[in-house]
Amino acid sequence: MEVLMRTMFQSLGKNHSMNKLAKKYGLRMGAARFVAGDSTESAIQTSKELNNSGKVVTLDHLGEFVFTEEEARLSTAMCIQTLEAIAESGVQSNLSLKMTSLGLDISKELCMENMRRILHTARMNNIFVRIDMEDYLHCQISLDMYKELRKEFDNVGIVIQAYLYRTEQDMNDLHQYQANLRLVKGAYKESPEVSFPEKKDVDENYKKIIKMHLLNGHYTAVASHDEEMIQYTKRLVRENGISNDQFEFQMLYGICVELQDRLVKEGYKVRVYVPYGIDWFGYFMRRLAERPANVWFVLKNFAK
Ligand code: FAD
(Lines give C-alpha, C1' and ligand atoms only; values in the text may rest on other atoms or scores of the structure.)
Protein backbone atom coordinates (compact mmCIF):
# COMPACT_ATOMS: atom_id res chain seq x y z
CA MET A 1 0.00 0.00 0.00
CA GLU A 2 2.75 2.42 1.03
CA VAL A 3 4.74 1.65 -2.14
CA LEU A 4 1.60 2.28 -4.22
CA MET A 5 0.99 5.65 -2.58
CA ARG A 6 4.62 6.62 -2.98
CA THR A 7 4.51 5.82 -6.71
CA MET A 8 1.23 7.71 -7.10
CA PHE A 9 2.56 10.90 -5.44
CA GLN A 10 5.81 10.72 -7.41
CA SER A 11 3.84 10.50 -10.69
CA LEU A 12 1.44 13.27 -9.66
CA GLY A 13 4.38 15.53 -8.90
CA LYS A 14 5.53 15.20 -12.51
CA ASN A 15 2.05 15.81 -13.95
CA HIS A 16 2.00 19.10 -15.84
CA SER A 17 -1.80 19.61 -15.77
CA MET A 18 -1.97 19.01 -12.01
CA ASN A 19 0.82 21.54 -11.53
CA LYS A 20 -1.08 24.10 -13.60
CA LEU A 21 -4.27 23.52 -11.61
CA ALA A 22 -2.41 23.86 -8.31
CA LYS A 23 -0.86 27.13 -9.48
CA LYS A 24 -4.30 28.47 -10.38
CA TYR A 25 -5.89 27.61 -7.04
CA GLY A 26 -2.98 28.69 -4.83
CA LEU A 27 -1.46 27.19 -1.72
CA ARG A 28 -4.06 24.71 -0.52
CA MET A 29 -4.38 21.09 0.54
CA GLY A 30 -2.14 21.60 3.57
CA ALA A 31 0.84 22.60 1.41
CA ALA A 32 1.38 25.73 3.54
CA ARG A 33 2.91 23.49 6.21
CA PHE A 34 5.78 22.73 3.83
CA VAL A 35 5.94 25.86 1.63
CA ALA A 36 6.58 29.39 2.93
CA GLY A 37 4.00 31.20 0.80
CA ASP A 38 3.85 32.46 -2.79
CA SER A 39 5.96 35.62 -2.55
CA THR A 40 9.53 36.71 -1.79
CA GLU A 41 8.15 38.81 1.11
CA SER A 42 6.61 35.75 2.76
CA ALA A 43 9.87 33.79 2.27
CA ILE A 44 11.89 36.57 3.93
CA GLN A 45 9.39 36.82 6.79
CA THR A 46 9.65 33.05 7.38
CA SER A 47 13.46 33.28 7.23
CA LYS A 48 13.43 36.01 9.90
CA GLU A 49 11.29 33.85 12.17
CA LEU A 50 13.61 30.87 11.69
CA ASN A 51 16.69 33.03 12.31
CA ASN A 52 15.06 34.26 15.53
CA SER A 53 14.77 30.66 16.68
CA GLY A 54 18.51 30.09 16.13
CA LYS A 55 18.36 28.45 12.69
CA VAL A 56 19.87 29.51 9.40
CA VAL A 57 18.03 29.08 6.12
CA THR A 58 18.38 28.14 2.49
CA LEU A 59 15.68 29.63 0.28
CA ASP A 60 14.43 27.80 -2.79
CA HIS A 61 12.29 29.65 -5.30
CA LEU A 62 10.22 26.77 -6.66
CA GLY A 63 10.22 26.55 -10.41
CA GLU A 64 9.42 23.27 -12.15
CA PHE A 65 8.49 22.48 -15.77
CA VAL A 66 10.59 25.04 -17.57
CA PHE A 67 10.24 24.41 -21.32
CA THR A 68 11.26 27.68 -22.98
CA GLU A 69 14.25 30.01 -22.88
CA GLU A 70 11.95 32.77 -21.66
CA GLU A 71 10.76 30.64 -18.71
CA ALA A 72 14.37 29.79 -17.84
CA ARG A 73 15.33 33.47 -17.85
CA LEU A 74 12.32 34.33 -15.70
CA SER A 75 13.35 31.66 -13.22
CA THR A 76 16.90 33.09 -13.20
CA ALA A 77 15.51 36.55 -12.53
CA MET A 78 13.54 35.13 -9.58
CA CYS A 79 16.72 33.60 -8.13
CA ILE A 80 18.48 36.95 -8.48
CA GLN A 81 15.53 38.72 -6.86
CA THR A 82 15.72 36.24 -3.98
CA LEU A 83 19.46 36.92 -3.54
CA GLU A 84 18.82 40.66 -3.50
CA ALA A 85 16.02 40.25 -0.94
CA ILE A 86 18.33 38.16 1.28
CA ALA A 87 21.03 40.84 1.07
CA GLU A 88 18.64 43.75 1.68
CA SER A 89 16.85 42.14 4.60
CA GLY A 90 20.05 40.85 6.22
CA VAL A 91 18.53 37.41 6.91
CA GLN A 92 20.97 34.56 7.37
CA SER A 93 20.15 32.52 4.32
CA ASN A 94 21.73 31.06 1.26
CA LEU A 95 20.05 29.92 -1.96
CA SER A 96 19.17 26.48 -3.29
CA LEU A 97 18.19 25.95 -6.90
CA LYS A 98 17.41 23.33 -9.52
CA MET A 99 19.25 23.61 -12.80
CA THR A 100 16.28 22.27 -14.82
CA SER A 101 14.43 25.43 -13.80
CA LEU A 102 17.29 27.45 -15.33
CA GLY A 103 16.99 25.74 -18.71
CA LEU A 104 19.15 22.60 -18.32
CA ASP A 105 16.75 20.61 -20.53
CA ILE A 106 16.85 23.30 -23.20
CA SER A 107 20.63 23.67 -23.51
CA LYS A 108 23.67 23.35 -21.31
CA GLU A 109 24.95 26.73 -22.58
CA LEU A 110 21.75 28.55 -21.57
CA CYS A 111 21.82 26.97 -18.13
CA MET A 112 25.53 27.78 -17.63
CA GLU A 113 24.91 31.41 -18.60
CA ASN A 114 22.06 31.62 -16.08
CA MET A 115 24.11 29.90 -13.38
CA ARG A 116 26.99 32.32 -13.89
CA ARG A 117 24.66 35.32 -13.54
CA ILE A 118 23.24 33.94 -10.31
CA LEU A 119 26.62 32.99 -8.85
CA HIS A 120 28.06 36.37 -9.74
CA THR A 121 25.24 38.22 -7.91
CA ALA A 122 25.53 35.80 -4.99
CA ARG A 123 29.30 36.33 -4.74
CA MET A 124 28.90 40.11 -4.70
CA ASN A 125 26.51 39.69 -1.76
CA ASN A 126 28.55 37.00 0.00
CA ILE A 127 25.84 34.37 -0.42
CA PHE A 128 26.40 30.65 -0.98
CA VAL A 129 24.42 28.82 -3.70
CA ARG A 130 23.61 25.11 -3.58
CA ILE A 131 22.68 23.12 -6.68
CA ASP A 132 19.97 20.61 -5.70
CA MET A 133 20.36 17.16 -7.25
CA GLU A 134 17.45 16.04 -9.40
CA ASP A 135 16.65 12.67 -10.97
CA TYR A 136 19.24 10.24 -12.31
CA LEU A 137 18.90 11.53 -15.89
CA HIS A 138 20.35 14.86 -14.77
CA CYS A 139 23.01 13.54 -12.43
CA GLN A 140 26.06 13.36 -14.72
CA ILE A 141 25.45 16.69 -16.42
CA SER A 142 24.81 18.40 -13.06
CA LEU A 143 28.12 17.13 -11.69
CA ASP A 144 29.98 18.13 -14.88
CA MET A 145 28.55 21.64 -14.73
CA TYR A 146 29.25 21.93 -11.02
CA LYS A 147 32.92 21.05 -11.60
CA GLU A 148 33.18 23.69 -14.33
CA LEU A 149 31.54 26.34 -12.16
CA ARG A 150 33.58 25.40 -9.10
CA LYS A 151 36.74 26.44 -10.96
CA GLU A 152 35.31 29.96 -11.28
CA PHE A 153 33.33 30.31 -8.04
CA ASP A 154 33.99 29.55 -4.35
CA ASN A 155 30.39 30.08 -3.37
CA VAL A 156 28.86 27.03 -5.06
CA GLY A 157 28.03 23.57 -3.74
CA ILE A 158 26.08 20.54 -4.87
CA VAL A 159 24.10 17.60 -3.52
CA ILE A 160 24.99 13.90 -3.49
CA GLN A 161 22.36 11.15 -3.13
CA ALA A 162 23.17 8.03 -1.10
CA TYR A 163 20.68 5.82 -2.96
CA LEU A 164 22.72 5.79 -6.19
CA TYR A 165 25.32 3.05 -6.78
CA ARG A 166 27.60 5.59 -8.46
CA THR A 167 27.78 7.87 -5.42
CA GLU A 168 31.00 6.58 -3.86
CA GLN A 169 32.83 7.06 -7.16
CA ASP A 170 31.36 10.56 -7.52
CA MET A 171 32.59 11.43 -4.03
CA ASN A 172 36.10 10.28 -4.97
CA ASP A 173 35.98 12.45 -8.12
CA LEU A 174 34.77 15.46 -6.13
CA HIS A 175 37.56 15.17 -3.55
CA GLN A 176 39.97 17.36 -5.58
CA TYR A 177 37.32 20.11 -5.83
CA GLN A 178 37.11 20.42 -2.03
CA ALA A 179 33.40 20.33 -2.59
CA ASN A 180 30.96 21.70 -0.06
CA LEU A 181 28.37 18.91 -0.25
CA ARG A 182 24.86 18.42 0.99
CA LEU A 183 24.44 14.69 1.54
CA VAL A 184 20.92 13.23 1.22
CA LYS A 185 19.35 9.81 0.88
CA GLY A 186 17.62 10.76 -2.42
CA ALA A 187 14.03 11.75 -3.21
CA TYR A 188 13.25 10.54 -6.75
CA LYS A 189 11.87 7.26 -8.02
CA GLU A 190 14.86 5.50 -9.59
CA SER A 191 15.23 2.04 -11.10
CA PRO A 192 17.07 -0.77 -9.27
CA GLU A 193 19.59 -0.66 -12.12
CA VAL A 194 20.97 2.60 -10.79
CA SER A 195 19.89 2.77 -7.13
CA PHE A 196 19.69 0.59 -4.03
CA PRO A 197 16.12 -0.72 -3.78
CA GLU A 198 16.42 -1.55 -0.05
CA LYS A 199 16.28 1.21 2.58
CA LYS A 200 18.86 -0.54 4.76
CA ASP A 201 21.42 -0.35 1.91
CA VAL A 202 20.66 3.33 1.32
CA ASP A 203 21.12 4.00 5.05
CA GLU A 204 24.41 2.10 5.10
CA ASN A 205 25.71 3.99 2.07
CA TYR A 206 24.55 7.27 3.62
CA LYS A 207 26.64 6.63 6.73
CA LYS A 208 29.57 5.66 4.53
CA ILE A 209 29.53 8.92 2.55
CA ILE A 210 29.02 11.09 5.64
CA LYS A 211 32.14 9.50 7.10
CA MET A 212 34.12 9.82 3.84
CA HIS A 213 33.39 13.50 3.38
CA LEU A 214 33.89 14.55 6.98
CA LEU A 215 37.12 12.60 7.40
CA ASN A 216 38.41 14.09 4.13
CA GLY A 217 38.10 17.45 5.88
CA HIS A 218 35.43 18.96 3.61
CA TYR A 219 32.37 20.95 4.63
CA THR A 220 29.40 18.61 5.02
CA ALA A 221 25.69 19.31 5.24
CA VAL A 222 23.93 16.26 6.62
CA ALA A 223 20.41 16.74 5.26
CA SER A 224 18.20 14.18 6.93
CA HIS A 225 15.38 13.85 9.46
CA ASP A 226 16.54 10.38 10.40
CA GLU A 227 17.59 10.42 14.07
CA GLU A 228 19.87 7.43 13.50
CA MET A 229 21.87 9.37 10.89
CA ILE A 230 22.00 12.41 13.14
CA GLN A 231 23.22 10.36 16.11
CA TYR A 232 25.77 8.69 13.83
CA THR A 233 27.11 12.09 12.70
CA LYS A 234 27.30 13.41 16.25
CA ARG A 235 29.26 10.33 17.34
CA LEU A 236 31.57 10.49 14.33
CA VAL A 237 32.50 14.15 14.84
CA ARG A 238 33.00 13.61 18.57
CA GLU A 239 35.27 10.58 18.11
CA ASN A 240 37.33 12.26 15.39
CA GLY A 241 37.62 15.72 16.94
CA ILE A 242 35.82 17.39 14.01
CA SER A 243 34.79 20.91 14.90
CA ASN A 244 31.20 22.16 14.70
CA ASP A 245 32.10 24.61 11.93
CA GLN A 246 32.94 21.81 9.45
CA PHE A 247 29.36 20.57 9.24
CA GLU A 248 25.71 21.43 9.65
CA PHE A 249 22.41 19.60 9.86
CA GLN A 250 19.76 20.48 7.32
CA MET A 251 16.04 19.74 7.41
CA LEU A 252 13.03 20.70 5.39
CA TYR A 253 10.67 23.48 6.44
CA GLY A 254 7.80 22.11 8.52
CA ILE A 255 9.34 18.67 9.09
CA CYS A 256 10.64 17.39 12.45
CA VAL A 257 10.63 20.88 13.96
CA GLU A 258 11.16 19.54 17.51
CA LEU A 259 14.28 17.72 16.38
CA GLN A 260 15.54 20.92 14.72
CA ASP A 261 14.98 22.83 17.98
CA ARG A 262 16.73 20.17 20.03
CA LEU A 263 19.82 20.32 17.80
CA VAL A 264 19.93 24.12 18.05
CA LYS A 265 19.78 23.84 21.86
CA GLU A 266 22.66 21.37 21.78
CA GLY A 267 24.76 23.95 19.93
CA TYR A 268 24.70 22.48 16.41
CA LYS A 269 24.23 24.55 13.27
CA VAL A 270 20.81 23.81 11.78
CA ARG A 271 19.78 25.03 8.33
CA VAL A 272 16.16 24.89 7.24
CA TYR A 273 15.37 24.44 3.56
CA VAL A 274 12.55 26.88 2.85
CA PRO A 275 10.77 26.52 -0.50
CA TYR A 276 8.46 29.24 -1.74
CA GLY A 277 6.66 30.37 -4.89
CA ILE A 278 3.65 29.45 -6.96
CA ASP A 279 5.18 26.26 -8.39
CA TRP A 280 4.72 24.34 -5.13
CA PHE A 281 2.85 21.27 -6.36
CA GLY A 282 5.77 19.00 -7.46
CA TYR A 283 7.69 19.76 -4.26
CA PHE A 284 4.62 19.03 -2.13
CA MET A 285 3.99 15.68 -3.90
CA ARG A 286 7.62 14.60 -3.29
CA ARG A 287 7.16 15.27 0.44
CA LEU A 288 3.94 13.20 0.48
CA ALA A 289 5.72 10.41 -1.41
CA GLU A 290 8.47 10.34 1.24
CA ARG A 291 5.97 9.96 4.01
CA PRO A 292 2.44 8.89 3.07
CA ALA A 293 1.47 9.47 6.75
CA ASN A 294 1.49 13.18 5.82
CA VAL A 295 -1.62 12.48 3.77
CA TRP A 296 -3.65 12.29 7.00
CA PHE A 297 -2.43 15.75 7.87
CA VAL A 298 -3.56 16.96 4.45
CA LEU A 299 -6.96 15.27 4.72
CA LYS A 300 -7.52 16.81 8.16
CA ASN A 301 -6.81 20.23 6.62
CA PHE A 302 -9.27 19.59 3.84
CA ALA A 303 -11.96 18.70 6.37
CA LYS A 304 -11.48 21.97 8.32
P1 FAD B 1 13.95 8.83 5.98
O2 FAD B 1 14.52 7.51 6.33
O3 FAD B 1 13.17 8.94 4.70
O4 FAD B 1 13.05 9.37 7.14
C5 FAD B 1 13.45 9.33 8.50
C6 FAD B 1 12.37 9.94 9.35
O7 FAD B 1 12.28 11.33 9.04
C8 FAD B 1 10.98 9.41 9.09
O9 FAD B 1 10.70 8.25 9.82
C10 FAD B 1 10.13 10.58 9.52
O11 FAD B 1 10.02 10.61 10.92
C12 FAD B 1 10.94 11.77 9.07
N13 FAD B 1 10.55 12.24 7.71
C14 FAD B 1 11.23 12.05 6.56
N15 FAD B 1 10.60 12.64 5.52
C16 FAD B 1 9.49 13.20 6.03
C17 FAD B 1 8.40 13.94 5.49
N18 FAD B 1 8.31 14.24 4.20
N19 FAD B 1 7.43 14.35 6.32
C20 FAD B 1 7.47 14.07 7.65
N21 FAD B 1 8.47 13.37 8.24
C22 FAD B 1 9.45 12.94 7.45
N23 FAD B 1 16.70 14.88 -2.24
C24 FAD B 1 17.21 14.90 -3.49
O25 FAD B 1 17.09 13.91 -4.22
N26 FAD B 1 17.87 16.02 -3.96
C27 FAD B 1 18.07 17.11 -3.18
O28 FAD B 1 18.69 18.08 -3.63
C29 FAD B 1 17.56 17.11 -1.86
N30 FAD B 1 17.72 18.16 -1.04
C31 FAD B 1 17.31 18.06 0.27
C32 FAD B 1 17.56 19.12 1.16
C33 FAD B 1 17.25 19.00 2.49
C34 FAD B 1 17.56 20.11 3.43
C35 FAD B 1 16.66 17.78 2.98
C36 FAD B 1 16.35 17.59 4.43
C37 FAD B 1 16.36 16.77 2.11
C38 FAD B 1 16.65 16.90 0.75
N39 FAD B 1 16.35 15.89 -0.15
C40 FAD B 1 16.86 15.94 -1.42
C41 FAD B 1 15.40 14.80 0.23
C42 FAD B 1 16.11 13.56 0.72
O43 FAD B 1 16.76 12.94 -0.35
C44 FAD B 1 15.11 12.57 1.34
O45 FAD B 1 14.16 12.18 0.39
C46 FAD B 1 14.37 13.12 2.54
O47 FAD B 1 15.17 13.92 3.34
C48 FAD B 1 13.83 11.94 3.40
O49 FAD B 1 14.89 11.17 3.87
P50 FAD B 1 15.46 11.25 5.37
O51 FAD B 1 16.93 11.29 5.29
O52 FAD B 1 14.84 12.37 6.09
O53 FAD B 1 15.16 9.84 6.02
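Predicted model: local features only at pLDDT ≥ 70, side-chain atom pairs only at ≥ 80, totals over all residues.
What does β6 pair with? Strand β5 (residues 181-184) runs parallel to β6, and β6 also pairs in the parallel sense with strand β7 (residues 247-252). Here are the two pairings side by side:

| Strand pair | Bridges | Residues standing opposite |
|---|---|---|
| β5 and β6 | 3 bridges | L183 and V222 |
| β6 and β7 | 4 bridges | T220 and F247 |

Now for the helices that link these strands. Together with helix α8 (residues 199-215), β5 and β6 make a right-handed β-α-β unit. From β6 the chain then crosses through helix α9 (residues 227-239) to β7, and that crossover is right-handed too.

Stepping back, the protein chain has 12 helices and 8 strands. It has 304 residues, of which 40% count as buried. If you take the contacts between residues at least 6 apart in sequence, 71% of them join residues at least 24 apart.

One last stop is the annotation. An unreviewed UniProt entry places the feature "binding site" at K98, R286 and R287. R286 lies in helix α11 (residues 281-290), and R287 is found in helix α11 as well. Are these two arginines buried or exposed? R287 counts as buried because it has 21 C-beta neighbours inside 10 Å, while R286, with 19 other C-beta atoms within 10 Å, is partly exposed. The cut-off for buried is 20 or more.

How values were computed
Residues numbered from 1 in each chain as written. UniProt positions renumbered as here; feature names shortened; annotations may be inferred. Helix = DSSP H or I, 4+ residues; strand = E, 2+ residues; numbered from the N terminus. Buried ≥ 20, exposed ≤ 12 C-beta atoms within 10 Å, placed from the backbone. Contact = placed C-beta atoms within 7 Å. Pairing = 2+ DSSP bridges. Right-handed = clockwise from strand over helix to strand, strands pointing away.
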